[in-house]
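The exercises below concern helix packing and nonpolar cores in a predicted model. Please work through each task with the structure in view before reading its solution.

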Amino acid sequence: MTTPEERAKAAYDSGVQAGNSGHPAVAARLLRDGLAEIGWRADPGQGDGEVLPRHRALAGRMLMSLAYMESEQGHVRYGLALLDQAQRHAAAPDDGILLSQRGLLLLRVGRLAEALAQFTAAEPLLGGEPERLAIVLLNRGVLHLTSGEVQLARSDLLRARDVAMIAGKELIAAKATHNLGYCDLLCGDIPSALSLLDAAAAIYERDAPGNLPVLATDRARVLLAAGMAGEASAELDSAIGAFRKQREDQYCAEAELERAQAALATGDLTAARRWANIAMRRFRARGNHAWAGLAELTRLRASIDDAGRRPSGGHGARVRSPARVAAEAGELAQRLRGHHLRADATLATLIAARALIAAGRLDDAASRLAAVGARGLPLDITLLRRLARAELAARGGHKGIVLAELRAGLARLHDRRGQSGSLDLQTGAAALGTQLADMGLRCTLDHGSARQVFAWMERSRAQAFRVKPVRPPDDPEEAALLAELRQLAILIRTAELNGAPDARASARRAELRRRVRQRRWRSSGAGTAIDVATPARVGEALAASGQVLAALLTRDDDMLAVTISGQQVKLVTLGDFARATEATRKLTADLDALAGRTLPARLAAVIRDSIKNQTAILEAEIIKPLRPVLGDHGLVLIPTGPLAGVPWSMLPSLHARPVTVSPSATHWLESWRRLTGTAAHPALAAAPALVAGPGLAYAVPEVAELAQVYPGTSPLTGDDATVDATLSALDGTELGHLAVHGHHDRDNVLFSSLDLADGPLMAYDIQTLRMPPRQVVLSACDVGRAVVRPGDEILGFTAALLHAGTPTVISSVTRVADDIAPAIMTAYHRALRKGLRPAEALADASAADPLSPFVCFGAG
């Protein structure tokens, strides 16, 4: 038979464990039950209660814990009242714990100066209790992070981790590691931040799964800092649901505020205001005025961005004049400084300055900007500072200063991009610089020459291709995840074919994909960049190869092109971008339908007529204005946005003409140098890699025919055509040809894949090659498709090969009819053997088929 005191102690231990695991409501219930065992009775609204003298010390500790658990659920005043009760009950040795708990509650409501005083007073009183000391150091480190004092935070958190590990408190050490990851985020080291968060997550998953939503919120913050707003939103939506279920009010409000930031990053200003308002109401209900100010700051930022987009506040939004936004932002900056949130106060000052610029009060704006130093600012605030300074210079007519400010901002962004070895994060970074890039393009179009427009385009689009690729380190755990993914792909496909989709297997696949992406995000980059191409160097290479270049760009719905022919650089006005985009969409759908199955003759004829109409539209909107520059030259084309998916050889003026598609002139020139820097393809130093995948009737005959073109070649077919064998054959080869089924995955682009005997070869696998192949030919469907991110950053299977360093990829941007690929591919390789360049060989091979969807990517 247990005594009341024993039952109270058991309830206390269980309550603390539940709280540490992220379940405050459960913890509060257990603690109240334990207190009741020793005679504590209180009306939650009154905050009073008494216990027997022999139980007072235990009651004091339980009340301290209960105070925090109630506060986490939004009952802050009640929590502080409970601490007053605890002070009456607690024994003298518990004074340090009481100070620590009061500091924690004050921290959670944004009263940072008061909280710091409590933590500092508690520290010397807890020398004999390493677990409690570690908690104080952890919480004070979080306080310093909130204030932007990263070095002070790191010092406390490192001490907290060391003390916790010595005391055997692995969960507290994991929380310190988690927050050290946030330190690295504030210092701009995204890979290290993600690595530390993942290390903490492993402990949370085992010991405290209730803490995972908190970590997901911080991971979302890191992803937002990397430009991955969509991925951040998914993390936050999951975390918000968990917080609401667990009734963790402060954490929920923080996640809702980050959700507003994610909406702001994607340009959804209505959603940004809505989420910011939700968070602000929750913070105010808790009495947390510091965090409520941060929500107000996000709402103001949405207002100033909205003012830049349109003159009125549409969609039901209240209209704020620039002068009013400036006044509100200035007043908010003062309040945030009062809360010791210096970086956030700087952001409010920049918003005020931009609003003053919009209001025409340039002297006032200049005064605000002069007060904002450049040192120690987070990247997003640094970029906003550059943007505001450029806007001020533009109002004064100082074009040189405008471009200098914008270039400096983009250079800082590219430094961040180079720190990551993850292609996912490298391509996502462009979203952070969208406003800088757009303003620079407008400035050069309005006031610059064609050469200046070209230079700006090369500094602001497809910049991930300027980062030298880094092979990720060997990772046995990732290899195991990918191997399981391959087996799941086979199981899921088999279940689908049998008419019984396997929901559990699909859910497991989604989880494994998430884990693979997160592991890759931790990869560090080389930090080295490829120099931006100049018109002179590009023109020299074009002249040597008999080609001209056209780089497409848009301004509103208008489409233009910068053309380079020899040393001549021109800006050419093209047609309507929206019309060209719609024609591209329809053309892709028509080609997919025509290649998918045997159609009734009348329907096939209708589709062919539609294809003819769409190619005529694309010819008129894009190619016709370029004809004077084109002449009879080959074309290097730099598309923009959805035009990356056009099968260019179908356009009348481009049919049978060598056409090469590249993401930027810089990438084309670098690829061209790699392609022409060693022996040409016809004189292959080794036999090419030929691979036939399963499920394609033409695959084995196709590679057998190609083996005749390249004597001595032994194709991989049947059970020999595995993922490992194919990767080994591709590694460092001069030429690889894969006749396999392909799948473009729009939602998980780097899981776009090729079907092989033991499962899919994914775009992620390409990044493990030690030496990229010189040329890869993919006679599969779809794998030339790409997802185009902000800044014309492209992702997909073909793009992964280009990013890895393969100079030339031949692939299809639509589905491929089984009856056309073998003939085109055989003709292509025979042309290569005759000494033609890849683009020339593809033009020659496709001449007899007006519906060939194959494109030469990279350098042709």
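**Exercise 1.** Which residues in helix 17 meet which residues in helix 19? Then decide how the two helices are oriented.

*Solution.* Begin with the contacts: Ala343, Thr346, Leu347, Leu350, Arg354, Ile357 and Ala358 in helix 17 meet Ile381, Leu384, Arg385, Leu387, Ala388, Glu391, Leu392 and Arg395 in helix 19. Sorted by class, this contact has 10 nonpolar, 1 polar and 4 charged residues. Next, take the geometry: helix 17 (residues 342-358) and helix 19 (residues 379-395) pack at an angle of about 20 degrees, and their axes are 10 Å apart. Angles under 35 degrees count as roughly parallel, and helix 17 and helix 19 are therefore roughly parallel to each other. Finally, the crossing of helix 17 past helix 19 is left-handed.

**Exercise 2.** Determine the orientation of helix 3 relative to helix 4.

*Solution.* The axes of helix 3 (residues 56-72) and helix 4 (residues 76-89) come within 8 Å, crossing at roughly 170 degrees. Because angles over 145 degrees count as roughly antiparallel, helix 3 is roughly antiparallel to helix 4. By class, their contact has 10 nonpolar, 5 polar and 3 charged residues.

**Exercise 3.** Which residues touch the most other members of the largest nonpolar core?

*Solution.* Among the 177 residues of this core, Val538, Leu549 and Trp668 touch the most other members, while the largest share, 10 residues, comes from helix 17. A second, separate core of 81 residues includes Leu481, Ile617, Leu626 and Ala800.

Note on methods:
Residues are numbered from 1 along each chain as its sequence is written. This is a predicted model: local features need pLDDT of at least 70, side-chain atom pairs count only at pLDDT 80 or more; totals for chains, interfaces and linings use all residues. Side-chain values use heavy atoms; hydrogens and water are left out. Axes are lines fitted to C-alpha atoms, for helices over the stretch in contact, and angles run from 0 to 180 degrees between N-to-C directions. Helices (H or I, at least four residues) and strands (E, at least two) are DSSP runs, numbered from the N terminus. Angles under 35 degrees count as roughly parallel, over 145 as roughly antiparallel, 65 to 115 as roughly perpendicular and the rest as oblique. A crossing is left-handed if the near helix is turned anticlockwise from the far one by less than a right angle, and right-handed if clockwise. Contact means heavy atoms within 4.5 Å. Ala, Val, Leu, Ile, Met, Phe, Trp, Tyr, Cys and Pro count as nonpolar, Asp, Glu, Lys and Arg as charged, and the others, Gly among them, as polar. A nonpolar core is a set of buried Ala, Val, Leu, Ile, Met, Phe, Trp, Tyr and Cys residues joined through side-chain atoms within 4.5 Å. Buried means under 20% relative accessible area, exposed over 50%, partly exposed in between (1.4 Å probe, protein chains only).
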